[in-house]
Amino acid sequence: MQPDTVLTGGNVVDGTGAPARRADLVLGNGRITHVVPPGKAVSTGAVVDVSGLTVAPGFIDMHAHSDLAVLADPAHEAKVMQGITLEVIGQDGLGYAPVTKTTADELYAQLAGWNGTPELDRSWRTIGEYLERVDEGAPVNVAHLVPHGNVRMNVLGGENRPPTRTELERMVAEVAQGMAEGAHGLSTGLTYTPGMYADNEEIIALLAPVRDAVGYYCPHHRNYGSRVVESYRECLDVARRAQVALHLAHCHVNFPLNRGRAPEVLDAIDEATVRHGLDVTLDSYPYGASATYLAAPLPSWAQAGGTSATLDRLRDEAVRTRIVHEIEVEGSDGNHGVPMDWSTLVITGVTEPTLSWAVGSSIADLARTRGVEPSRLYTDMLIADELRSGCLLQVGNEENIRTIMQHGSHTAGSDGILVGAKPHPRGWGTFPRYLGHYVRELGILTLEECVRHLTSRAALRLGLTDRGTVHVGAIADLVVFDPDTVASPATYEDPCRTPVGIEHVLVGGEFTVRDGRRTDRLPGRSVRRNTGTGFSR
């Protein structure tokens, strides 16, 4: 049994949106055992004075790419130091389970720009086996989605065609197995291979076991650029037809052509909830740039068949010319139907050390310096690093970001890519940036409402009734921070800087951060699907 811990003198922001109140919390055996007026707690355990600080539920990262980091990096400071106690992985239709021996290696290569290539025993094959590995001890708690791209690749490989009836049945069975093993829903990556080859009928069929398990659908949809509103409406329609709850991943309205269009997306969501009773939530990160792997803007046809086939096409000058024309002139589906502005595409990391000169600069600047066409430099980079580079896309709209974060279904997701020499700062700063910049400095949200977005709304989407709020009996996942100083110093130029103002973080009652420093504790475990409470605004 764990000895009691008392957090005394703090201002409790409980995650419900209620006003802050002073209270002492008593923690025992991983849970909150008492919430009492200041000075009334009785305990023989450790007393931690948190006077002047805010005590809140641990933050839930609804869109994380820490699939390998939670196993390969025990410190995991990028997330732990933000106050994050639970991450949801298996995002964008791509992950590391379920896999076969063949697809495990292919996905490891394909996702190097997101997750790197750490030395790690990757002998698991199923989601259940992966979560068992997490249960051996992790820096944070982990929830998993079934990645649609994995399922498709396991059955069809990288082929661009519809599944046969037998193949579809096998895919449905894989999704059902993942849900039975504890996954919370199905994610899709409809601008990534092989997910982009699926039509809506395939997705709806695969959502049947998700519906039966009371899970949710989490799409990275087909177009965040030229058809952004239509693509969000398509997600709403798929969820309505499949009769499942919907969580819109990284809900952004990007590219200059979409300035001021966030209200159109939110109106579509509100219409779906009112007219059709659809259960909808969304997440976003508070930054203008997006991030992905460098090959993402390629047309879908150019990526068919996996890494080797893609590289062969890039080495063929005639095919390369066709690819470049589609990216620069027509607007490839990989770049959301928008012709590429090479000044917005910035290299964040490479695997091949001899390419390190490219990190931190845009394709346009690099091409100018080296006296070549941007498209030539881009395709040469892809070949030289075997598609393993990462990038930023500076295409966001601040007014849309602010509008979306105020919506009644909003939660936070870092979408944090943690690898590369200069990755996106969202991986280190999303949660403190909400609290420091958008709450304290700009007043876009109140502290209480922002904490609600970062905690209880996410917990309800996951069906968790014992996390996300401060109440007696809740699991003691907690963060203690100074509302007057909490901030993220991470920038695009210096992205891997940990936050200030986060004093303590507890997972299951154990300190993962104590007095602003990472401890050596690994109390994180898998958080498997719980068919509990649905979302309520």
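I started at one residue pair: Asp61 stands opposite Glu87 in strand S7. Strands here are DSSP runs of E, at least two residues, and helices are runs of H or I, at least four, numbered from the N terminus.

A note on what I'm looking at: this is a predicted model, where local features need pLDDT of at least 70 and side-chain atom pairs count only at pLDDT 80 or more, while totals for chains, interfaces and linings use all residues. Residues are numbered from 1 along each chain as its sequence is written, and side-chain values use heavy atoms, with hydrogens and water left out.

**Around S7.** I looked up both neighbours of S7. Strand S6 (residues 59–61) is joined to S7 by three bridges, running parallel. On strand S8 (residues 141–144) I found four bridges to S7, again parallel, with Val88 opposite Ala143. Pairing needs at least two DSSP bridges between the strands. Then I checked burial (under 20% relative accessible area is buried, over 50% exposed, partly exposed in between; 1.4 Å probe, protein chains only). Six of the six residues of S7 (84–89) are buried, so the strand is largely enclosed by the rest of the structure.

**The open sheet.** I traced six strands in the order S9-S10-S11-S12-S13-S17, with parallel pairing. Its edges are S9 (146–147) and S17 (410–412), each pairing on one side only. S9 meets S10 (residues 185–189) over two parallel bridges, and Pro147 has Ser187 as its bridge partner.

**Helix H10.** I took residues 228–242 next: 15 residues reaching 21 Å from first C-alpha to last, close to the 21 Å expected (1.5 Å times one less than the number of residues). Its buried residues include Val228, Tyr232, Cys235, Leu236 and Ala239. What do the buried residues of H10 pack against? I listed helices H8, H9 and H11 plus strands S11, S12 and S13, with contact meaning heavy atoms within 4.5 Å. Just after H10, Gln243 takes a positive phi of about 60°.

**Cavities.** I counted five of 30 Å³ or more. A cavity is a set of points on a 1 Å grid over the protein atoms alone where a 1.4 Å probe fits but cannot get out; lining residues have an atom within 4 Å of a point. I found 24 lining residues, with Tyr192, His220, Ser290, Ala291 and His336 nearest the centre. Strand S14 (residues 290–293) gives the largest share of that lining, three residues.

Key: 1 Å grid on protein atoms, 1.4 Å probe; cavity = no way out; pocket = protein on both sides within 12 Å on 5 of 7 lines; lining within 4 Å. Points joined across faces, edges and corners; volume = space filled by probe spheres on them.
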